[in-house]
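Dear colleague,

Here is the structure I promised to pass on to you. My notes on what was found in it follow below.

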Amino acid sequence: MSKSIANPNLPSPPSGKYPAKAHAKRVAQWIAENGGPQSGVIYLEGQTTKITEDDDQANHFRQRRHFYYLTGCDLPDCYFAYDVVAGKSTLWIPPVDPEYVMWAGMPLLPKEAKDRYDVDHVHTTDELQAGGKSIADMISQQQTTIMAIRDRADLAIFHADGLKQYEPQIDFDWARKGIEACRVVKDGHEIAMIRHANIVSSYAHEQILASVKRAKNERELNAVFVMHCHANGCREQAYGCICASGTNASTLHYVHNDMPLEGRLNLLIDAGCEYACYCSDITRTFPLHGPFTTQSRAVYDLVLQMQTECMQMIRAGVKWEDVHYKAHTVAAEGLRALGILNQNLSTEEILTSKVTTRFFPHGLGHYLGMDTHDVGGNADYEDADEMFKYLRVRGTLPANSVITNEPGIYFRKFPLERELEEGKWEGVVDEGVLARYWDVGGVRIEDDIWVKEGGCENLTTVGSGAEYIEQAVGASA
């Protein structure tokens, strides 16, 4: 009998209903406390079924995250309203369609949806589209402000017979602002979901390390990751896998994942699965054919030092720009110690030159939650300072946010070679030493970090120490 791919030793996923009503209440409270409407209706529409062009099959369904945050509902073609004054939520789901049943079986019924989702009332969408009494009651009993998200709601329903008499005012600002602000700070259930996605993803990363010597192509290792995630209950991927060997790893969001591994030093894999709409985001870099080379190990140790020193700073209230700057400081000192940067320059001179942005061009991390690059980061992509331009999170980190810590060092021939030819880095970069590092490609190490008062917790469980990585690869058969 063949052995099951699923690992029975992995912890069980979180149990209990998704706390949708608590989220809706919190959003309404945030809106009221920050100058928004004190009463009204928060109205959202879920993602609709979309048919593939020139085909009769539906596209892959992905629920709108703002909708899921207030409902916990992962069904297509649904609607939601939250009565701010009454503190009551209503979900509308599709009615039974006999033709649908013939092809796909019975859909979820209202009573079943009421048992599954944390909402007060469940009706079918045909009632809503007919100007259902439930929505009329919400509007008639309070001020008639409808808080919706622009381009994500067909508001004709509020002007239908039975509702237009109330002349509801439509607000397109506060629902999005409130939800995005509240999503930054996670409750215990959300942390448990992210933790579980990390556990499954970490296990899949371990299986990649155990498969290295059997693989001949990037796509094989990509497939190993997806297989083990799916087999262990996480079918959805949080984002497209980055499986980059050799110099391909210098491309930050490499997408091809189809190059042969022969003749390449290392492999960088950035991959994370999703559990019940909550993401993980993990990167590991490892040698393909034995231990790290001297140059690869030196860069790996530097990146690990960047991550470790930044990890020590992460806690509630820390300014993320300061943590990011620390990563650049460690990078400057490390690249100078390797001789890639002029050893006669001070750390301040190196940082002032901005040369570290050529080796570490992206931000140190981003918020993580229902989206891989989660909302609420307040990025400033117009920042004239190259060191902070691509930083996805600005300002202080709140307790119970989750953020990635993902420093990297990359050897990108374009545009660095062109800039060197133009003399831009004369006296800063030693081209002779740099030439020995091109084949390293890039090294990134990424973990998912739960921010707490006075410290943090790493939710990622796959190891990242150089000795562990070399041993795991060396032990693969």
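Predicted model: local features only at pLDDT ≥ 70, side-chain atom pairs only at ≥ 80, totals over all residues.

Residues are numbered from 1 along each chain as its sequence is written, and side-chain values use heavy atoms, with hydrogens and water left out.

Overall fold

The protein contains 16 helices and 16 strands (DSSP runs numbered from the N terminus, helices being H or I of at least four residues and strands E of at least two). Its radius of gyration is 25 Å, close to the 23 Å that the globule rule gives for 477 residues, so the protein is as compact as a globular protein of that length (the radius is taken over C-alpha atoms, and the rule is 2.2 Å times the number of residues to the power 0.38). The C-alpha trace spans about 80 × 60 × 45 Å along its principal axes. Of the 477 residues, 54% are buried (under 20% relative accessible area, with exposed meaning over 50% and partly exposed in between, for a 1.4 Å probe and protein chains only). Among contacts with a separation of 6 or more, 74% are between residues 24 or more positions apart (a contact means heavy atoms within 4.5 Å).

Salt bridges

A search of the whole structure gives 24 salt bridges (a side-chain nitrogen of Lys or Arg within 4 Å of a carboxyl oxygen of Asp or Glu). One of them joins Asp-374 to Arg-183, with the closest N and O atoms 2.6 Å apart. This pair links distant parts of the chain, since Asp-374 lies in the loop between helix 13 (356-359) and strand 12 (402-405) and Arg-183 in helix 7 (residues 174-184), 191 residues apart. Both Asp-374 and Arg-183 are buried, and they belong to a network of salt bridges that also links Arg-62, Lys-186 and Asp-371.

Glu-470 pairs with Arg-297, the closest N and O atoms being 3.8 Å apart; here Glu-470 is in helix 16 (residues 466-475) and Arg-297 in helix 10 (residues 294-311), 173 residues apart. Arg-297 is partly exposed, at a relative accessible area of 24%.

Cysteines

How many disulfides does the search find? It finds 0 (a disulfide is a pair of cysteine sulfur atoms within 2.5 Å). The sulfur of Cys-234 has its closest cysteine sulfur in Cys-273, and because they are 3.7 Å apart, this is too far for a bond. For Cys-279 the closest cysteine sulfur is in Cys-277, at 8.4 Å, which is likewise too far for a bond. Cys-234 is buried at 0% relative accessibility, and Cys-279 is buried with a relative accessible area of 0%.

Strand 12

Strand 12 is covered on both faces, with Val-402 and Thr-404 buried on one side and Ile-403 and Asn-405 buried on the other. Strand 12 runs antiparallel to strand 15 (residues 447-452), to which 4 bridges join it (two strands pair if DSSP finds at least two bridges between them). Ile-403 has Ile-449 as its bridge partner in strand 15.
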